[in-house]
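Here are my notes on this model for your first read. Keep the 3D view open as you go through the points.

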Amino acid sequence: MLVHLLTLPLTAQQPAPTFHALTQTTGLSEQTNAYLSQDSEGYIWIGSFDGLNRFDGKNIRIYRPNNSDGSYTPNITSKVMEDPKGRKWFSSSTGLHCLLPDRDTLLNYQLNMDGYSSSDAEYLLVHIDVDSKLWVVAGNALHLYHPDTQQDSVLHAIESYSAYPLVNRKGYVTGIVNLLIEDGGGIELFDYSTKTVRKSLWLNGNDGTGMPKLRILFACVEGDSLLWLPTENGLIRFSVHHPTDVRIFIPPGLKSAPGLFDVAPKGTHQLVVTSSRHGFFLFDKYPDKLQFLEQHPFIWTDKVDTSINAVQNVLATKDGTLWFSVWGKGVFYSNIEQSKFRSRTNATSPGATNPVRSVAASNDGGAWVAIDKEGIIRLPAGDRSQRLPMTGNYHKLFLDRSGDLFAFSASDVYLKKRTSSRFVRVASRLHRLYNMVQTSERDFLLVCPDGLYKFQKDGRLHRYDQDHPVLTHQSILDVFPDGEGRYFISDEVDGLAMYQCQNGQFNLQKEWHGVGYSNGMVAQGRLRWLASNKGLLKLNLDNYSIEFLKGPGGALERALQSILADQAGRLWLASNNGLYRYDPQKGNLQHYTESDGLQGLQFMPGSACALSDGRLAFGGVNGMNVFHPDSIRDNPHPPLVHITECIVNDTGSMRGNPEHLPPLVFSYQNRTLSFRFVGIDYTAPEEVQYRYRLAGFEKDTASGGTNGFARYAQLPAGHYTLQVWAANSDGIWSVQPREMHFTILPPWYATWWARTLQGLFIMALLYAFYRNRIARIRRKEAERRKEAEFRQKEAESKQLAAELQNAVLRLQMNPHFIFNSMNSISSYILQKDIDTANEYLGRFARLMRSILNLASRPLIPISDEIELLEQYMQAESMRLENAFAWKFELDASIDPDDTMLPTMILQPFVENAIWHGFNGKKGSGYLSVSFRQKEGKLVCSVVDNGVGRGTSIRQEHESKALEITRQRLNLIAKNRPTGQTGLEIIDLKDTQGNAAGTQVIVQLPTDL
């Protein structure tokens, strides 16, 4: 037997870390919670006497399992555990419960109680092993339950309210540790390494260890051999293999018993130990250390130091976040490693929130602090605060070059020499005294709104010109010397003046207006940085230029209360909205708030100083922050993003977890969708930023701010992917987005079968329209023929022109082409190539519409002729499966919109080239249509590379087209004195004399 009583000293008590609070007002089911755990998705599970709470950093959801009689089971009796399939398991006082991740619903299970006490059937889930078997205590027995096969095996009797598994490296249970709470203390070990279960009792006061009977409520088990047991007397290290070698560790400096309650591992080398009396401790469990490191009796929450003397349950998650359950007060959490700042308040009055008016660096690396209503506090480098015998309100402290400390109120100046512990009043009856500036070893300037007064250390106040100040500037707020003989004076309104001091005389050098009033200055080379109530001022001494630095998104366009520079040249700016760090070299700006550990968002004007060891101190309305700039590390871990909810038509959420469901399909009536998402980052969850994009609907991402919500109204049919990114409070974004896939079905009238019916209907309408149009044209022709018999020669000529025009229309609307087009469309539909059928039908309809619209016009612009030919050739090319290509050429001197020609004068020749020239041709065809001006005439040319007239079989249609075209040209030449026309057909030959195509040249007047 060997008992070690170790009381190694703690390090100096640290300033209170900043914690977030979860209570009933923030959504918890109740204030007392016994079980804390985290699942693989990052959610925190909080078990209470009134249900199970799931927390994602932003919202709390409560689960209350139902019993078979319809009532619910509020009392949760275990942590949430996850099996290899991702199902979440926990126990309550009346059964086992499983949360299915896809449906987000609870299933309830009851174990076999035959032969065991059903009246003592309170369930306790102990462990889930690698085979998905559940180790459960129920009915005073240990059960091994397999949920997939529903096989329930009873291993042995056991009475337990708190038990832990011993698990070897392969993941198999080798034993059970049972805490004998009901027996008043001790532990019970069950060993499964042999065929029979071996049981032993320890720490019950009669076990050979020499330890008294110890009541242990919670334990931390490492592997299958080592236990850490918190007790009333201290922290016990217990080895299963060497049970008599017990070691107990007691935190030093406590005036009462430690009252340790719970323990949890933090990282690989530390333990977090809670106490019901003394807050919490950090313990180094590394074999060569084994000592308590820190004690934290207070935490910083709600802007005050809060006592946590009733900390019981604890959880330390992988990201370093600590979770404490304080009975009756709720749950508190903080990532103390990522908490960049620690807040200090008045050491003599924990919980006080009196503003820190002024901070002055002391020569020993500490600081002097003036606190409203509390007086002056000395803060040495060793962190042990000390009150000075000086109470009252002092708004400014000043440490001179010799180490003497000045403190002053609005009208009086007090001095404490470095060799004395008392303050002596050295000046009085000043008007609104604000600050002090040292000009020499014994000479100072006192800053008052009505000017600067020369002051000597012996108390003599020199007044010139009948008590007038040295400088006559009015409404002076503060003076900032730059160490090079310049003094920058800020007034209380909007001005800044620069004076040069030589031989005690101040000479005005430069004035600036519209810059607000300043609360601090930093000199860097030829630059002067000033903290103005309007933002950060940059003053360049080379050209006396001055400008405001707005920062990203205008972040610095706010009241700045003080400014300091660190050893790396970065500027630290205290404001009315937290603390900013600005790097002038890189242009980087970082913003810190209460979630980073600041005393609050509001800092006090001019309450800042740089300490001799490189630390910076800033005073605010709720205390102060003292830190070393090099110790501030940004959080490198982006949030873990989850899409938690899908709301349909703004009426209700879909049942189940969207992330675990298969790709969702919505009807066209349910196409207004809203989504909720969360980025899990417990360092500063309220500052997590979001951006999102609906792929398939948006090209760019949208900023979601900190809301975690997106809504899309009346989405069109299609396939979509919602993508969500999140960034932590330090601006570190997740690399890969969280995605959710879904589909919105088209309406019934946009389905393939509906489009087929629509296409057939349109074809029928077009055909009916075509037949009606032909009949109407024929009737009109008959009427015109009857009228032509009674007209004179001029009327006969007009009738001839009309007949020629109608003949042209009939010629263009060749039924053969129309019927072939109809057959092509029908073929596409039968092949279910609906898209091609729709496209061809659209082109055919547009061509028919153009022909019918232009039929009644004798003349059209060249641009309309080209458009008509283009539509015709597109339709023929699609019908002939792209068997030929074409191009149009237009002389640059021709205006296609003002130059007229007879309607469809070239269409017959283009049709001949396609139907006869390319018929039987091997290889692809090519067609060129050109318009040129030559000797005052419009020369139109149609050239093809077909088989030629000698090879092709010309039909009657070709001769009719030529005859009608010649008649139209003759009519033009007859009716216009200058209307010389011509038609020429040229058979093209290759170099060997073979037919190489046909060229048709039509000459027209340019003044049609």
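1. Two strands pair if DSSP finds at least two bridges between them. Strands are DSSP runs (E, at least two residues) and helices are runs of H or I (at least four residues), numbered from the N terminus. This is a predicted model: local features need pLDDT of at least 70, side-chain atom pairs count only at pLDDT 80 or more, and totals for chains, interfaces and linings use all residues. Residues are numbered from 1 along each chain as its sequence is written, and side-chain values use heavy atoms, with hydrogens and water left out.

2. Start with strands S38 (405–408) and S39 (413–416). They run antiparallel and share 4 bridges. Phe-406 has Leu-415 in S39 as its bridge partner.

3. These strands belong to an open, antiparallel sheet of 4 strands, ordered S37-S38-S39-S40. At the edges sit S37 (396–399) and S40 (424–427), each pairing on one side only.

4. Next, look at strand S60 (640–648). It pairs antiparallel with S63 (673–680) over 8 bridges. There, Cys-646 stands opposite Phe-675. S60 also pairs antiparallel with S61 (652–653), over 2 bridges. Ile-647 faces Ser-653 in that pair. S60 and S61 form a hairpin with 3 residues between them. In the turn, Asn-649 has a positive phi of about 55°.

5. Which residues touch the most other members of the largest nonpolar core? Among them are Leu-901, Phe-931 and Leu-1004, in a core of 47 residues. Such a core is a set of buried Ala, Val, Leu, Ile, Met, Phe, Trp, Tyr and Cys residues joined through side-chain atoms within 4.5 Å. Buried means under 20% relative accessible area (1.4 Å probe, protein chains only).

Methods:
Buried means under 20% relative accessible area, exposed over 50%, partly exposed in between (1.4 Å probe, protein chains only).
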